[in-house]
Each structure stands twice: as C-alpha cells, then as structure tokens.
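Dear colleague,

Please find the structure below, with the sequence alongside. My notes on what was found in it follow.

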Amino acid sequence: MNIFGIGLPEMAVIFTIALLVFGPKKLPEIGRSMGKAIRGFQDASRDFESEFTREAKQLEEAVATSKPETEKLAAATPKEDSKDS
C-alpha cells in the first residue's frame, strides 16, 4: 500500500505522532475535517473540469460555424493578381 509515496510503516509513525500530539478525542474530529476538505477540493476540481470542457466545446462549435462563413467571404472577395503590380 503506497499513498502519495508514503508506505504503511511511515503512515503508522505519522498516525502515532498525531495520536500523541492531538489525543484520541481530537483525532476523529481532525480526520472528519480533513475528509470534508478533500471532498470539497475534489468537487471544486470536478466543477472546474466540467466548466473547462463546456467552454472548449462552445469554442469548437464557434470555430466550426465560422469556418463556412469565412470560406464564403474568401470566395466572394475578388483576388488581386500579383502580375499587375
């Protein structure tokens, strides 16, 4: 088991130190707070990703719809001959 590059022995040492520092009554409360913070970060990350994806799709659609209009304008504009200059 390897989470964030920390193995099981390292996690046991960290848990033991946290237990000594915070005490057995405070540790579950701290764990809950950390869990809520991580969940909030995951939700914000998911929202950012969906917003980014939605904006990228809108941009692709805008480019796709403007491309035929650009081609029509290019066909309608008279081209200058470079030989006449």
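Helices here are DSSP runs of H or I with at least four residues, numbered from the N terminus. Just after helix 1, G23 takes a positive phi of about 90°.

This is a predicted model, in which local features need pLDDT of at least 70 and side-chain atom pairs count only at pLDDT 80 or more, while totals for chains, interfaces and linings use all residues. Residues are numbered from 1 along each chain as its sequence is written, and side-chain values use heavy atoms, with hydrogens and water left out.

The structure holds one aromatic pair (Phe, Tyr or Trp rings, the six-membered one for Trp, with centres within 6.5 Å). F48 and F52 form this pair, which is stacked (planes under 30 degrees apart), at 6.3 Å centre to centre and 25° between the planes. Because F48 and F52 are four residues apart in helix 2, about one helical turn separates them. F48 is exposed (over 50% relative accessible area, with a 1.4 Å probe and protein chains only), its value being 58%, and F52 is exposed as well, with a relative accessible area of 57%.

Best regards

Terms used:
Phe/Tyr/Trp six-rings, centres within 6.5 Å; stacked < 30°, edge-to-face > 60°. Helix = DSSP H or I, 4+ residues; strand = E, 2+ residues; numbered from the N terminus. Buried < 20%, exposed > 50% of the residue type's maximum accessible area, 1.4 Å probe, protein only.
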